[in-house]
Amino acid sequence: MNIKLKKVTYVFLLLIMVIMLSNVSEASSNYWVRENNSWSYYLKNSKICNSWIKINKKWYKFDNLGRMKVGWYFDDKYHGWYYLSMDGSMKTGWIKSGSRWFFLDNTGKMVTGWKKYNGAWYYFDMNFCDGAMRSDSWIDGYDFTKVGIKELFTNPQKYTHFYLDKNGKYIPNIKFEGQTGVFKDDVFIRNDGSIVIGPAFINGKLYVFPEGKLNKGYYSDHLSSNIIYSNNIGEVEFVEPMVLNEKNQMKTQKGDLIQYNDKDETIIILEKGWR
């Protein structure tokens, strides 16, 4: 071997050694530590806190104390729910939590509303940011925060409803005959275990479930400034304009004298009518 070739070989081996030492040094400064019953990660000997970080092609989340998060986590910055497995790695795609199915997009964020997957449409509950896949039930084709009770009561056929089968897939051309499920203590539980929130048609009648609890008696429709009356089993019987006198009182078409309280928006009956 000539002197020139020896020098090239020596430089090459030296370069390999430098790279190997560099990798060893980097690896020794990046490491996991078990602290106070949770895992923490040190990057260049500094603990990762209040941040997402990608480690070996997987994403992890650490809180402000540097503790690795597991399970469901709501990220205020990205306004969404994420799921971190027991080893801390962020999940994507379908996951089953308890008895319910959820879908996480490719960023890990939980999907709500409609989602097309493998050619089929699915619906993930939007109430309380729940996100659970709906199945064997109906999805109302209206936003009850924008459509008043009077509109639904007087024009029930105007709005579309979408049926989801037992696997959660949308099945078109199914005739809507009302939500299916059972009543339990003024709550209506659908076949898939979800509860009705807002107005809903059940057995051909309109019911109203503010925050999931059935309304009965008199109450107001904030979207249309109307008075609504539901009978003792919760069926909406009539909706009429709220026309109050100087005492915040009015007589309804049922003949009741009622009074509206501006502070808590409740309605009380002062005198019973003839019906």
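1. Leu43 has Ser46 of strand 3 as its bridge partner. Strand 2 (residues 38-43) pairs with strand 3 in the antiparallel sense, over two bridges; pairing requires that DSSP finds at least two bridges between two strands. Strands (E, at least two residues) are DSSP runs, numbered from the N terminus. The model is a predicted one, in which local features need pLDDT of at least 70, side-chain atom pairs count only at pLDDT 80 or more, and totals for chains, interfaces and linings use all residues. Residues are numbered from 1 along each chain as its sequence is written, and side-chain values use heavy atoms, with hydrogens and water left out.

2. Strand 22 (residues 249-251) and strand 23 (residues 257-260) are antiparallel and share three bridges. Lys251 is bridged to Leu257 in strand 23. Five residues lie between the strands of this hairpin, where Gly255 takes a positive phi near 90 degrees.

3. Strand 23 also pairs with strand 24 (residues 267-271), in the antiparallel sense and over four bridges. Opposite Ile258 stands Ile269 of strand 24. This hairpin has six residues between its strands, and Glu265 takes a positive phi near 60 degrees.

4. The whole structure holds 32 aromatic pairs. Rings of Phe, Tyr and Trp (its six-membered ring) count as a pair if their centres lie within 6.5 Å; planes under 30 degrees apart are stacked, over 60 edge-to-face, and the rest tilted. Trp138 and Phe176 form an edge-to-face pair, because their ring centres are 5.0 Å apart and their planes stand at 75 degrees. The pair links distant parts of the chain, 38 residues apart: Trp138 is in strand 12 (residues 137-140), and Phe176 in the loop between strand 14 (170-171) and strand 15 (181-184).

5. The two partners differ in burial class (buried is under 20% relative accessible area, exposed over 50%, partly exposed in between; 1.4 Å probe, protein chains only). Trp138 is buried at 6% relative accessibility, whereas Phe176, at 22%, is partly exposed.

6. The rings of Tyr218 and Tyr229 are tilted, because the centres lie 4.8 Å apart and the planes are at 50 degrees. Tyr218 belongs to strand 19 (residues 217-221) and Tyr229 to strand 20 (residues 226-230), eleven residues apart. Both Tyr218 and Tyr229 are buried.

7. A cluster of rings is made up of Trp94, Trp101, Phe103, Tyr117, Tyr122 and Phe124, linked by ring pairs.
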